[in-house]
Every structure is written in C-alpha cells, then in structure tokens.
Amino acid sequence: EYGNECLRFWGSRPEVRWDTEAGITYDLMVDRYPEMEARQDVTLNLRWLPAPPNDSFNSPQWLNGNDLSLSVSNTSATSFDGDRVFNGSTNSKSVWFAWQSPTNGILQVTTNQPARYTDPDFVSLPPGYHYTAGSFEFTGPCSSIEDLHPLVPFIPIWALYEEAGSGFSYRGSAQITLWRDVYAGLDYRIGLDGLEGGAGVTTLNLLFTPPPSNDAFANRIRLPQNAVRVTGRTFAASADAGYHPQQVQYGARSVWWEWHAPAAGAWALRIISGLGDTHFAIYRGTTATPAGEVACSLGD
C-alpha cells in the first residue's frame, strides 16, 4: 500500500526472493487484483542467485591487513548453514569474515569511518592560544508519497567472535560501529547481517589500532622542562599492573608521561579536549605509587 494523508493505492512488489535448497521443487503462483484485466499476458524472469562463498560461519573470507575498506554484500546469503544468531540478526542473511590480530590492541569494524588516533607527541606552547569547537547540521529529503508498509531496510550490523580453545565465543554487541579489544595471535570471525533480515551492499571498514608507545610506565615519554602541550590517546591502551589504584575502576587504560620541574612554584595540568571522560593523576618521584600521588583529577 502506497500513499499519503490524501491518497491510498495498492500495488504488488516487482520481485520476490527466497532461499533455495538443491534438488527441491518449487511451485510459482501468479494472480491479479480483481479489478485488473486477467487476460493480459504476464512475463516473468526467474534468476538464480548463488549464495556467496562466505555464507557460512565455517567458511569465512579471510581479511589480510590492519587498515581495510571493502565493499561487501549479504544479498544472496542463506540461513541453511546453521550460522550463529547475534543481537539484531535473524540468521537469514549473514555472511562471515576472518581476521587474525597481530598484537594486542583494539579492532574497529564499521560501516562508517573508524576513529583514528595519532601517536603521542608534544610541542612547546606559544605565548597564547585558543580552542574553537566546530558545529554540524543534519538535514534530509522527504517524499510526499511513501510506501506505507515498506520492506525491511538494509541496516548492516556487525558481530565479533573470538577464538576460544577449539571454538569461538561471542565478544561484541551487534551494531553499525563495533570496536573491541583483540589479542595477539588469536583468530576472529566477523559477522555481517541486516537488521531484522535486511539485505544489501555496504562498506566494511576494518582498522586495527595497537597500544600507544607510552602504554606502560616503563615506556613513559619524557617531556622538556617548560610549558608544553601534550597530545596522546588512551584508545587501545591497557592496564599497567601495580600503578594507580583506581585503574580498574576507571577503565584500566593508562598511558604515562614524565616531567621535571625547572623551579619551585605552582604548575597546572589542564585538559584541552576529552573533558569528563579523561582522568589523570600526578605522582612525585621515579615510581608511581599511591603514597607518591600529589594530585588527581578525580578529586581524591
């Protein structure tokens, strides 16, 4: 049924698709709306669309590389292979990919552009600076005539399975953008399906981000003895056991820097971006122990 607030009319869809099994006979029925001319000829086009080679969880397409952008499709995927059902999936249109993690880090699988982070760095500050936030506007077209009972739209969703012993365990929530910690040498299965059974073509963006160079206290970056601006990331960082007693509670993603005061006085450490979700602490000495903590952004 199509229409708007002023008009309603019916129409049959031009195509129907279904999963087929080898050797099975299928009967095709043709009918018309009663008001249509029944003697008019009908021409049908029957086309077989073979299932993709990575239709099964057990026969994935291997992905080589840590920064990929591929055009992929689940259009002809079937549900006859006993594939796994993840959140939002109906097990009717899933295809599968495999990837091996080179080291510990974070894997992003997304239809959109993955988040990218620069390596840690620092620069001496100029006499003055300012920070300007950007803005965005979202608009979209609207049609006057709409399908009142539309087919399920193709909204791609992704899932990540981690190798665990002789099998795989589900590790990630199914969503348009998925990122999860991955570990060196493990194989992973990446599932693509359409939300509620939708099918279509989408972009598979895969980006692996290793831990930053200053992930461990032993690899802390030494800063010059003056006012500096530091850039860095906690994305893909890991816990550094034995340091900062609140790490586990607040994400266990610590990175480290070292600075030597040129003279006695009051110095301030201020976050320019990442407010609210970035915590930091200052320790005195060459070891970071609870007894040596002199300041903490958490207020204790």
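Is alanine 236 buried or exposed, and what is its relative accessible area? Alanine 236 is buried, at a relative accessible area of 3% (buried is under 20%, exposed over 50%, partly exposed in between, with a 1.4 Å probe and protein chains only). This is a predicted model, in which local features need pLDDT of at least 70 and side-chain atom pairs count only at pLDDT 80 or more, while totals for chains, interfaces and linings use all residues. Residues are numbered from 1 along each chain as its sequence is written, and side-chain values use heavy atoms, with hydrogens and water left out.

**Chain overview**
- The protein chain has 18 strands and zero helices (DSSP runs numbered from the N terminus: strands are E, at least two residues; helices are H or I, at least four).
- Of its 300 residues, 30% count as buried.
- The accessible surface of the protein chain is about 19,600 Å², and carbon and sulfur atoms hold 53% of that (Shrake-Rupley method, 1.4 Å probe; for residues, only the protein chains shown count as cover).
- Of the contacts between residues at least 6 apart in sequence, 73% join residues at least 24 apart (contact: heavy atoms within 4.5 Å).

**Three-stranded sheet**
- An open antiparallel sheet has the strand order E2-E1-E8 (strands pair if DSSP finds at least two bridges between them).
- Its edge strands, E2 (8–9) and E8 (146–147), each pair on one side only.
- Strand E1 (residues 2–3) pairs with E8 over two bridges, and tyrosine 2 is opposite aspartate 147 in E8.

**Loop between E15 and E16**
- Alanine 236 lies in this loop and has a positive phi near 75 degrees, though it is a residue other than glycine.
- Valine 255 is also placed between strand E15 (228–231) and strand E16 (257–258).
- Beyond neighbours within four places in sequence, the contacts of valine 255 include Pro212, Asn214, Arg233 and Ala237.

**Loop between E12 and E13**
- Glutamate 196 sits between strand E12 (187–194) and strand E13 (201–209).
- Glutamate 196 is not a glycine, yet its phi is positive, about 60 degrees.
- With 56% relative accessibility, glutamate 196 counts as exposed.

**Second largest pocket**
- The second largest pocket holds about 1,300 Å³ of space (a pocket is an open set of points on a 1 Å grid over the protein atoms alone, where a 1.4 Å probe fits, with protein on both sides within 12 Å along at least five of seven lines; the volume is the space filled by probe spheres set on the points, which are joined across faces, edges and corners).
- Its lining has 34 residues, and Pro14, Glu15, Val16, Trp18 and Asn45 are the closest to its centre (lining residues have an atom within 4 Å of a point).
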